Amino acid sequence: MDMPWLHGSFVARSAYAKVKPLFDRELELLEQTNDDPEAWEAAYDQVANAVRLVSPHRPVADFLLHIDGDRAWFRWSDEPLSTR
C-alpha cells in the first residue's frame with residue numbers, strides 16, 4: 001500500500017496543550033527508532049489513542065502523524081495498518 005507523506009503548517013489550538021507532550025515524546029523516539037522500535041511504537045500508540053485524523057468525508061481508519069513546532073506531516077489509510 002502506497003501512502004505518501006503529506007506535509008503542512010500546524011497551528012496549535014488550546015486543546016493541543018494536553019497532547020503536546022505525547023507528540024514531543026513520539027518525535028524524540030522517532031529519531032531513535034533503530035535503537036528501540038518498541039519504545040517508539042508504545043509512544044505512538046499513545047498519540048493515536050489521544051487524537052483522530054478526519055478526512056473531508058470521515059475519520060480515517062489508521063494514520064501516522066508527527067508534529068514538530070509549526071510543522072506537521074502525516075500519512076493515512078482507509079484500512080487499518082496491520083503493523084500496529
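The questions and answers below concern a predicted model of a protein chain.

In this predicted model, local features need pLDDT of at least 70 and side-chain atom pairs count only at pLDDT 80 or more, while totals for chains, interfaces and linings use all residues. Residues are numbered from 1 along each chain as its sequence is written, and side-chain values use heavy atoms, with hydrogens and water left out.

Q: What makes up the pattern of the protein chain along its sequence?
A: The chain holds two helices and three strands, and they follow the pattern β-α-α-β-β, where helices (H or I, at least four residues) and strands (E, at least two) are DSSP runs numbered from the N terminus.

Q: Why is the protein chain called as compact as a globular protein of its length?
A: Its radius of gyration, taken over C-alpha atoms, is 13 Å, which is close to the 12 Å that the globule rule gives for 84 residues, so the chain is as compact as a globular protein of that length; the rule is 2.2 Å times the number of residues to the power 0.38.

Q: Why is glutamate 41 called partly exposed?
A: Glutamate 41, placed in helix α2 (residues 37–50), has 39% relative accessibility and therefore counts as partly exposed, since buried means under 20% relative accessible area, exposed means over 50%, and partly exposed lies in between (1.4 Å probe, protein chains only).

Q: Why does glutamate 28 count as partly exposed?
A: Glutamate 28 lies in helix α1 (residues 16–30), and its relative accessibility is 38%, so glutamate 28 counts as partly exposed.
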